[in-house]
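User: I should like to learn how to read the features of a protein model one at a time. Could we begin with the interior and proceed from there?

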Amino acid sequence: MFDKYFLMKADEVTQYVKEKLNFFDANENLYAKEIGDGNLNYVFKVMSKDSDKSIIVKQAGPVARISDEFKLSTDRTRIEAEVLQNQEKLAPGLVPKVYLYDDIMCACVMEDLSDHTIMRTALINHKMFPKFADHISTFMVNTLLGTSDVCVEHKAKKQLVKDYINPELCEISEQLVYSEPFNNALNRNNIFAPMADYVQKELYDDKELHLEAAKCKFDFMNHAQSLIHGDLHTGSIFITPESTKVFDPEFAFYGPMGYDIGNVVANLLFAWCNGMATIEDADERKTFVDWVEQTVKDVVDMFKEKYDKFFDKNVTDDMAQTDGFKEWYLDSILTDTAAVAGLEMIRRTVGIANVKDITTIKDTDKRVKAEKMCIKMAKAFIMNRTSYKKGADYITTLKAME
């Protein structure tokens with residue numbers, strides 16, 4: 001039945017799991033439901049009526065769920081499965097376990113993390129996670145520096161670049177992150193109506209901003225620095241107070257490290273904006289936004305500290321051991337981080353894929369204030385990207401925009 005590709009329905013997914021895996025006992029009564037809320041793929045949770053076992057099946061379709069305009073290679077599931085397996089080796093315990101990749105059905109079967117919460121949802125509910133900065137900084141240092149020319153033999157690294165060429169999904173990022181938010185070329189931007197004039201003036205008409213965004217776009221397209229996750233926002237993280245699991249690396253390819261780090265920073269700042277706009281109790285609001293501010297600082301600063309140690313321990317290239325190179329290399333990563341933080345904040349505010357942190361702000365005036373603040377911060381990050389060297393620099397800009 002599964003020797004030729006087709007898009008599965010829930011009852012077919014249960015049969016698929018029985019046929020392909022020994023995860024469940026042979027006589028267990030299984031059922032499945034579609035739980036995907038992303039823009040691209042179909043995600044099923046397969047459960048047993050006879051035990052507490054469950055598993056996730058993710059299948060790629062030939063077009064994006066967000067829009068049939070995005071025609072996609074189903075090879076992205078292969079990329080996702082292999083990347084997760086590689087990341088588990090580099091950063092054990094920080095990604096879900098992969099049990100199977102099937103290149104005929106373009107399906108990946110993986111660990112069910114239902115005991116975790118999607119981080120964006122948790123942050124909108126103003127939950128705090130004191131261990132997150134430590135976990136995510138370890139993940140990023142290990143998976144980013146650990147797949148770069150600094151640490152990987154150069155011919156092997158070039159083969160990895162070839163293995164993870166991901167043109168269709170890169171094109172989505174090139175359009176939705178680096179182009180359309182600044183020109184609405186395909187008329188797909190999703191702009192909150194009261195923000196239309198502001199967006200026209202601050203984004204569409206700002207030619208200096210366009211030039212810097214263009215520079216960043218070509219850095220993204222041409223800087224095969226490390227195997228990046230490619231979409232590392234809070235919707236791609238499962239979390240509990242004790243555990244962080246990064247998933248959904250279907251956008252992975254060899255690109256600039258700062259793309260992942262900047263995405264994390266930007267999405268924490270969205271959570272800050274949501275907390276400021278929606279938490280009515282002053283003490284509760286202060287507790288939450290203070291935690292977000294500290295987490296932004298810690299993500300950047302812990303990355304720097306761990307980068308320093310990881311570099312010294314794992315560097316293999318002889319020229320990379322030249323005095324001053326380690327610092328220069330980090331400086332370039334931090335510059336990219338700031339630029340991407342700004343680009344992500346703009347595209348998630350005005351582009352086709354808005355974030356719930358902002359869209360769930362019900363008070364119109366507060367939402368307008370939050371969106372303007374996001375755009376102002378973002379422009380500062382992009383235009384002055386060489387100035388952001390530590391976590392506190394982001395909070396200084398944040399405070400200046402309040």
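**Reading the interior and its details**

Analyst: In this predicted model, the largest nonpolar core has 100 residues, and Phe132, Ile136 and Met140 are those with the most contacts inside it. As a general idea, nonpolar side chains in soluble globular proteins tend to be buried together.

User: Which residues does Phe132 touch, not counting residues up to four places away in sequence?

Analyst: With those neighbours set aside, Phe132 touches Met119, Ile237, Ile239, Thr244, Val264, Leu268, Thr295 and Val299. There is also a second, separate core of 16 residues, with Tyr16, Val17, Leu30 and Val57 among them.

User: How is a pair of aromatic rings described?

Analyst: The description uses the distance of the ring centres and the angle of the planes. Within a 6.5 Å limit between centres, the count comes to 19 aromatic pairs. One of them is formed by Phe288 and Trp291, with 6.2 Å from centre to centre and 40° between the planes, and it is tilted. Both residues lie in helix α11 (residues 282-314), three residues apart, which is about one turn of the helix. Phe288 and Trp291 are both buried.

User: Why is the pair of Phe381 and Tyr388 edge-to-face?

Analyst: The planes of Phe381 and Tyr388 stand at 90°, with the ring centres 5.2 Å apart, so the pair is edge-to-face; the cut-off for that class is an angle over 60 degrees. Phe381 is buried at a relative accessible area of 0%, and Tyr388 is buried at 5%.

User: Which residues do ring pairs link into a cluster?

Analyst: The cluster consists of Phe303, Tyr307, Phe311, Phe325, Trp328 and Tyr329, linked by ring pairs.

User: Which charged residues sit over a ring, and at what distance from its centre?

Analyst: Two cases may be given. The charged end of Lys53 sits over the ring of Phe23, 6.0 Å from the ring centre. Arg367 lies over the face of Phe192, and the distance to that ring centre is 3.9 Å.

User: How may the span of helix α2 be checked?

Analyst: Helix α2 (residues 76-90) has 15 residues, and at 1.5 Å a residue it should span 21 Å. The expected span uses one less than the number of residues. The end C-alpha atoms of α2 are 21 Å apart, which agrees.

User: Which residues of α2 are buried?

Analyst: They are Arg76, Thr77, Arg78, Ile79, Glu80, Ala81, Val83, Leu84 and Gln87. Neighbours within four places in sequence aside, Leu169 is in contact with Leu40, Leu72, Arg76, Glu250 and Phe251. Leu169 is buried, with a relative accessible area of 0%. The C-alpha atoms of Leu169 and Glu69 are separated by 13 Å, although these residues are 100 residues apart along the chain.

User: Is Thr337 buried or exposed, and what does Thr337 touch?

Analyst: Thr337, in helix α12 (residues 325-350), is buried with a relative accessible area of 1%. Not counting residues up to four places away in sequence, Thr337 touches Gly258, Ile261, Gly262 and Tyr394.

User: How many disulfides does a search of the whole structure find?

Analyst: A disulfide is a covalent bond between the sulfur atoms of two cysteines. The search of the whole structure finds zero disulfides. Cys216 is in none, and the nearest cysteine sulfur, that of Cys170, is 16 Å away. Cys216 is buried, with a relative accessible area of 6%.

Notes:
Residues numbered from 1 in each chain as written. Predicted model: local features only at pLDDT ≥ 70, side-chain atom pairs only at ≥ 80, totals over all residues. Heavy atoms only, no water. Phe/Tyr/Trp six-rings, centres within 6.5 Å; stacked < 30°, edge-to-face > 60°. Helix = DSSP H or I, 4+ residues; strand = E, 2+ residues; numbered from the N terminus. Buried < 20%, exposed > 50% of the residue type's maximum accessible area, 1.4 Å probe, protein only. Lys NZ or Arg CZ within 6 Å of the ring centre and 35° of its normal. Core = buried A, V, L, I, M, F, W, Y, C linked by side-chain atoms within 4.5 Å. Contact = heavy atoms within 4.5 Å. Disulfide = S-S within 2.5 Å.
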